[in-house]
Structures are given as C-alpha cells and as structure tokens.
Amino acid sequence: MHGHTPDFHADDLITELDRATPSDLDTWPFGIIGFDADDRVVRYNAAEAALSGLDPDRVIGLDLFTEVAPCTNNEMVAERFHTCERLDEQLPYTFTMRMSPTAVELRLLARPESPLRYLLVHRHEA
Amino acid sequence: MSEPLAPEHQDLLQFLYQVPIGVVSMDEAGRVGQINPAAVRMLAPELRADESLDEIIPFLARLVPGLVAQLTAEPERLGLVDEPRGHRVDGAGDTRFTISAHRLRPGHILLSLTDISEERRLLADQRRRGARLQRALLGHIDAAPHAMSVEYQPAHVGDLSGGDWYDIIRVDERRHAYVVGDVVGHDIEASATMGQLRSVIRANATIDPDPAVVMGRTEAFARAIRSARCATLAYVLHDDTAHKLSYSCAGHPPPLVLRADGRAEFLTDARRPPLAAFDETNPIVASAAFRPGDTLVLYSDGLVERRGEPLDRGLERLGEVAAALAGTTPASELAQRLLTAATDDGAGADDICVLTLRA
C-alpha cells in the first residue's frame, strides 16, 4: 500500500479495507468505521476520530447504530445494513460533528465474504 | 490532525451523541447552529433532494407548517412557542415523532424532537390485543333459524375494540333471542364489560327468555359492575310458532320491522332507560306480530345518528332506506346494504352494528 492513496469511490474498496491493518487505515483520508455482525465497532480510524472528536478506544466495542453513530439509525443507513448482505451504496448525509451540521458523503459496504462491514465518511470540502 | 480533546470534553461529546431526544438550535431564518445525532436520525429520511439541514425553515414549513406559522407570527414570544406535546410528524415507515420549539431570546430558537414510534407501536399492540379479546368474547353466536345477515363496522379501521356488540341465542327449537347492545367506551374495559353483559343475558335467556325477566336480571348485574352503567340494550325474543316478537329496549334505538307489504314499523312500545341509569326501573315489555316475509332490523346508534341532527330524522331515514331495499334485497345482503347506505355520506364516527332477520 506504499504511496497509494485509496480512493473513496474505488470499485473494489472493500477488498483493500479488509487487507488493511488498523495503522494503515489511520493513514487513509476519509472516515472509516468497520463493524462486525453484531454491529459492534471494530475499526475506527484516525480520520473518523478527528471528525467526531472521540478517541477510538472510546468507541471500539460499542454498538454502531445506537451508541456511536445514532444519526444513522434509520432506514437510510442502519436498515440497509440489516437487510442487505451485499451492499455498496453512496448517499449524501448530514453528520453532527461536534454538533455542527456537516455535509458528508456516506458509503455503505458489505459482502458475505468479508468479516466486517464498513461505513465510510467523506467530508465535503467547504 | 487536530489535538485530541480532553477526556471531559470527550465525555460530553459522547453524552450528546447518545441522547435520544433530538435537539436543534437555529435562528429565526432557520440557519442551524447546532444539531445532535438524534435529530438527524429523525429528520434525514424526511428530507427532499432540494432540502438540507443547514437552513431548515422551508423543510420545517413543509413538515410542521403549524409550528413555523407560530414561530413567524410571534417573533418576540419567548419560552415554549407551542403546546408541550408539539407537532406530530408521521415519518417514513413506522416512524413518528413530535417537534416543539422554545425561543430563548429573539433569534435563538431550540427545537426538540421526540420519537414516539414506540408509543405508536404500543398503541397498535394494545388495539390488536383488544381486538383479540373482543373476538374471543363475541365468539360462538348461535345459528338463527331463518335468513339472517349481520354486519359490524368498527369506528376505526382495524380496531375492533368498539363498544357495540350483538348476540343470537337459541332458547329452544321455536324461540331465539336477538340482542344488540352498546357499552360506554371503546377500549379493553369496554370489551370486557360487553363480554360480561353478553354472558349474563345468555345465561338468563336460556332459563327464562321473557324480556322483562332478562332485562331485570341484566339491570341488577349492571348495577353491580360500574362499567356497565348506562349501557344500552335491545332484546327481542322471536317465537317462530306464534309468529310473534316480544321485546324490551333499554335506552337503545328502537328495533325496526319491515312488513312484507313494504311498511316500516319501529317497535317503540317497550322503551326504558339505559341499564342502571336510575335507581329503580320497572321492567317493560311489548310484543308485535312477525309473519313470513317480515324483516326485523336491530342496529346500533351509529346507523342512525348524525352530528347536529335529531335522532328522529335518522330513524326516518333508516325507515325509508330499509323499506326501499327490503323488497329487492336478499336477506343475506340486507345488513351490508343498510350499512353502506348509512355510511355513504362519510358521516360515521361511531361503530355500526346491523342484524337483520327475515321470517
């Protein structure tokens, strides 16, 4: 992965995500939340921590949709993950980074072959 | 990367991220200063493509026009701008939430959003339980000897916990009792009361079906259980061999008999107050002939009552409609046709129950 900047819109991004270590993910330029089959957060990269203001060790192990990103606990995001085994969707959203409404692009990634599912957060440049 | 925040600061952020009540701060123009995740969770699914959560007055004006009207009508009004319960939003799917507004000072408004989806699910659960209870209580109606049709339409679609009920009791091979009743209320308590009254009437009718006796014993029971007070009841005993109806009516609209020659006759000679409405009530019974070709109609007040209209007008209308239909309508369809005719002008806000029996 040296010298390669992952692209938020890349087709096979989920394969790269699966191969990356947590330290690798800390170098990626967009927010990455990886979570398991029980919705527990397993990956929370530096970019996401900078956006939310929370240290990763505060959120690892918590339920993504009820404890970490409750703004996504609706049919637009959470329910997509709960109803689709294979998922690759992008949608505009509003995150509440430190309570400021922040326009972001979300990417929802899931597939049966991967142990984790991913919620990616790309902040639109001001 | 920015400096990590102090632990207390992170505690505070995490607390605010997890609060289940949505909070939004905005100015009079709807520019959003701060918004928490719960608010986004509820509002995001309602946004149209051209709307955003940055400047939300146009969005709010579409979602809760009453609230925006109040905000803009009195821009100096401080404190709670609306009723405490706020404006309800029926969101996508099963989501329901309320929005209310609080003005701290001119230019600084706080919105709070409360998710009441759970409340709505519990209410739906309760209605289903009520409907199950009612079905259980109204189960096993005896078969009547002649052509019969029965229709029941609850006030709220899908909600069977109405106050109306009916029964058909086989006394012996030549006599059947027909009952229509109305209990005060529309909930589980009403269903339970209705079930009890039905049992009492049925138990007594099989021993001595005389209307005076049944009515007297039912009234004694109604005095004992408060929830049956002011219940109304029409009880008609049909004797097939004697071609006769004997009846008693406690506060209930009068049964209707349509004669074979097309005349409509209300049975009004045995009227007495609703059950347990007064301390002493004399039993009162009357009878009427009931010959082959005649049709008996028992019904609840929802069939004849219209807001702002005297009951007599409703009875007159029923008589006219029934007389017109009875000649040409098979007995098995008559109840449904009467019900449709009554609700056609969208007047129903009540349960409606109709029983028809053709000799």
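**Notebook: the contact between chains A and B, and what lies around it**

Entry 1. I began with the interface and found 24 residues of chain B in contact with 21 residues of chain A. I note at the outset that this is a predicted model. On the chain B side, I looked up which elements take part: α1 (7-18), β2 (32-35) and α2 (37-43) of chain B each supply at least two residues to the side that touches chain A. Of these, α1(B) gives the most, with six residues. I then sorted that side of chain B by class and recorded 15 nonpolar, seven polar and two charged residues.

Entry 2. I turned to chain A as a whole. I listed six helices and five strands in chain A. Read along the sequence, their pattern is α-α-β-β-α-α-α-α-β-β-β. Chain A has 126 residues, and buried residues make up 36% of them. I also looked up how far apart in sequence the contacting residues of chain A lie. Among contacts between residues at least 6 apart, 37% join residues at least 24 apart.

Entry 3. I traced the sheet of chain A next. The sheet is open, and its five strands stand in the order β2-β1-β5-β4-β3 with antiparallel pairing. Which strands stand at the edges? They are β2 (41-44) and β3 (87-97) of chain A; each has a single partner strand, so one side of each is left without a neighbour in the sheet. From one strand to the next, the twist averages 25 degrees. I examined one pairing of this sheet in detail: β1 (residues 31-35) of chain A and β2(A) pair in the antiparallel sense over three bridges. Within this pairing, A:Ile33 has A:Tyr44 in β2(A) as its bridge partner.

Entry 4. I followed the strand pairings around β5 of chain B. Strand β3 (residues 79-80) of chain B pairs with β5 (residues 96-105) of chain B in the antiparallel sense, over two bridges. There I found B:Leu80 opposite B:His102 in β5(B). Strand β4 (residues 87-90) of chain B also pairs with β5(B), antiparallel and over four bridges. The bridge partner of B:Asp90 in β5(B) is B:Arg96. The hairpin of β4(B) and β5(B) has five residues between the strands, and B:Gly93 in this hairpin takes a positive phi near 65 degrees.

Entry 5. I continued from β5(B) to β6 (residues 108-115) of chain B. Eight bridges join these two strands, which run antiparallel. B:Phe97 has B:Asp115 in β6(B) as its bridge partner. The hairpin of β5(B) and β6(B) has two residues between the strands, and here B:Gly107 takes a positive phi near 95 degrees.

Entry 6. I looked up a helix pair in chain B. The axes of α6 (residues 188-207) and α7 (residues 211-224) of chain B come within 9 Å and cross at roughly 145 degrees. I recorded the crossing of α6(B) and α7(B) as right-handed. Which residues of the two helices meet? In α6(B) they are B:Leu197, B:Val200, B:Ile201, B:Asn204 and B:Ala205, and in α7(B) they are B:Val213, B:Val214, B:Arg217, B:Thr218 and B:Phe221. By class, this contact has seven nonpolar, two polar and one charged residues.

Entry 7. I then searched for nonpolar cores. The largest has 58 residues, and those with the most contacts inside it are B:Tyr235, B:Val236, B:Val297, B:Leu298, B:Leu338 and B:Val354. I took B:Val297 as the case to follow. Not counting residues up to four places away in sequence, B:Val297 touches B:Pro255, B:Leu256, B:Leu258, B:Ala322, B:Leu338, B:Val354 and B:Thr356. A second, separate core has 55 residues, including A:Val59, A:Val68, B:Val32 and B:Leu111.

Entry 8. Is B:Ala147 buried, exposed or partly exposed? I counted 14 other C-beta atoms within 10 Å, so B:Ala147 is partly exposed. Beyond its neighbours within four places in sequence, B:Ala147 is in contact with B:Ala331, B:Ser332 and B:Arg358. B:Ala147 and B:Ala331 are 184 residues apart along the chain, and their C-alpha atoms are separated by 5.7 Å.

Conventions. Residues are numbered from 1 along each chain as its sequence is written. Chains are lettered from A and ligands numbered from 1 in the order in which they are written. This is a predicted model: local features need pLDDT of at least 70, side-chain atom pairs count only at pLDDT 80 or more; totals for chains, interfaces and linings use all residues. Two strands pair if DSSP finds at least two bridges between them. Axes are lines fitted to C-alpha atoms, for helices over the stretch in contact, and angles run from 0 to 180 degrees between N-to-C directions. A residue is buried if 20 or more other C-beta atoms lie within 10 Å of its own, exposed if 12 or fewer, and partly exposed in between; C-beta atoms are placed from the backbone. Two residues are in contact if their C-beta atoms, placed from the backbone, lie within 7 Å. Ala, Val, Leu, Ile, Met, Phe, Trp, Tyr, Cys and Pro count as nonpolar, Asp, Glu, Lys and Arg as charged, and the others, Gly among them, as polar. A nonpolar core is a set of buried Ala, Val, Leu, Ile, Met, Phe, Trp, Tyr and Cys residues joined through C-beta atoms within 7 Å. A crossing is left-handed if the near helix is turned anticlockwise from the far one by less than a right angle, and right-handed if clockwise.
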